[in-house]
Amino acid sequence: MTRARPTRLDSAVPGTLEKAADENFPVAPFFLPRAWRDDLMAVYGYARLVDDIGDGDLAPGGADARHLGLDPAQSDDRLAMLDALETDLRRIFATTGETPHHPLMRALRPTVRRRALTPEPFLGLIEANRQDQKIRRYGTYEELLAYCELSANPVGRLVLQLTGTASPERVRRSDAVCTALQIVEHLQDVTEDLGRDRIYLPADDMARFHVAESDLAAPKGGASVRALVAYEAERAGDLLNEGTPLVGSVHGRLKLLLAGFVGGGRAALTAIAAAGFDVLPGPPKPTKPSLLREVGVVLRRARREG
């Protein structure tokens, strides 16, 4: 089986790929076959680039804009950048015409072709970041779930497609895990998101717990904020539990990878709880021992339920 050469990907935009180390879960751990790792990193590079454009976190200098055929001065025009990225993405799936322009997109192309990936998950991630430019508050939990359908669930679906294990039931379980991971990330990043004028805590839940937006700007969370975070963390935990049978439905190294995703979410929730659900001073991060412990819990549960 041929695979993308790692040097080509690693030299594309190193700062983008290096962010994999900061995730709550292992993106492409060493125990996977090299071909899987290369493909996962190609998909991660794309997903990270989309998020960096949407968050305004691109490296200075305008290189990404130039790669996408825009003037470097347009680097801060997030909607224009997302439009240009979608155009480049469509070059991957076109049977004729230009090859992709951006290095990360060129690195993604062999993975898409080899694994017969479909464009919908990739387009969903772009649409989620377009939504971030227009919608900065969510009124209900259901609205937030609809956002996660675009921003998170495509990643899990791509993993299943990459490994040839997609089925309706696995996709449903995967969606639960990915939505949970997105909610956990939102809880960790309340302060950072507020600095970008974004709040991913549903407004009706904030009203229920008597939390005003000004409360989220405090250096430390008061009792009402911590109660709200605990409530949303419980919801995320329930989603992780709903998705955990996904781990037991697969075998071999893929089981370890998916256990890493679920265990990463559980470890992050443990870190949030250990902080007394006060996420305002900074994002509570899981320790490596905690992550390994939670992965073990997930694997034991999968074994019992299997």
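A: Cys178 has a relative accessible area of 11% and is therefore buried. Buried stands for under 20% relative accessible area, exposed for over 50%, and partly exposed for anything in between (1.4 Å probe, protein chains only). The model is predicted: local features need pLDDT of at least 70, side-chain atom pairs count only at pLDDT 80 or more, and totals for chains, interfaces and linings use all residues. Residues are numbered from 1 along each chain as its sequence is written, and side-chain values use heavy atoms, with hydrogens and water left out.

A search of the whole structure for disulfides (pairs of cysteine sulfur atoms within 2.5 Å) returns zero. Cys148 takes part in no disulfide, and its nearest cysteine sulfur is that of Cys178, 9.8 Å away. The relative accessible area of Cys148 is 0%, so this residue is buried. Cys178 is likewise in no disulfide, with the sulfur of Cys148 as the nearest cysteine sulfur.

Next come the aromatic side chains. Rings of Phe, Tyr and Trp (its six-membered ring) pair if their centres lie within 6.5 Å; planes under 30 degrees apart count as stacked, over 60 as edge-to-face and the rest as tilted. The structure holds six aromatic pairs. In one of them, the ring centres of Tyr46 and Phe122 are 5.1 Å apart and the planes stand at 80°, so the pair is edge-to-face. Tyr46 belongs to helix H3 (residues 34-55) and Phe122 to helix H7 (residues 119-134), so the contact ties together parts that are 76 residues apart in sequence. Helices here are DSSP runs (H or I, at least four residues), as strands are (E, at least two), numbered from the N terminus. Both Tyr46 and Phe122 are buried.

Tyr138 and Tyr200 make a stacked aromatic pair, with 5.9 Å from centre to centre and 20° between the planes. Tyr138 sits in the loop between H7 and helix H8 (141-151), and Tyr200 in the loop between helix H11 (190-195) and helix H12 (203-208), so the pair ties together parts that are 62 residues apart in sequence. Tyr138 counts as buried because its relative accessibility is 3%, and Tyr200 is buried at 8%. A cluster is present as well: Tyr46, Phe93 and Phe122 form one aromatic cluster.

Two arginines lie over tyrosine rings. A charge sits over a ring if NZ of Lys or CZ of Arg is within 6 Å of the ring centre and within 35 degrees of the ring normal. Arg208 lies over the face of Tyr231, 4.7 Å from the ring centre, and Arg235 lies over the face of Tyr141, 3.8 Å from the ring centre.

On to the helices. Helix H9 (residues 153-162) has seven of its 10 residues buried, so H9 is largely enclosed by the rest of the structure. Those buried residues are Asn153, Pro154, Gly156, Leu158, Val159, Leu160 and Leu162.

The axes of helix H14 (residues 223-243) and helix H16 (residues 252-274) come within 10 Å and cross at roughly 160°. Such axes are lines fitted to C-alpha atoms, for helices over the stretch in contact, and angles run from 0 to 180 degrees between N-to-C directions. H14 and H16 are therefore roughly antiparallel to each other; angles under 35 degrees count as roughly parallel, over 145 as roughly antiparallel, 65 to 115 as roughly perpendicular and the rest as oblique. The crossing of H14 past H16 is left-handed, meaning that the near helix is turned anticlockwise from the far one by less than a right angle, whereas clockwise would be right-handed.

Some loop residues remain. Most residues other than glycine have a negative phi. Asp197, although not a glycine, has a positive phi of about 60°. Asp197 lies in the loop between H11 and H12 and is partly exposed, with a relative accessible area of 38%. His210 also has a positive phi, near 60°. The loop that holds His210 runs between H12 and helix H13 (213-216), and His210 is exposed at a relative accessible area of 66%.
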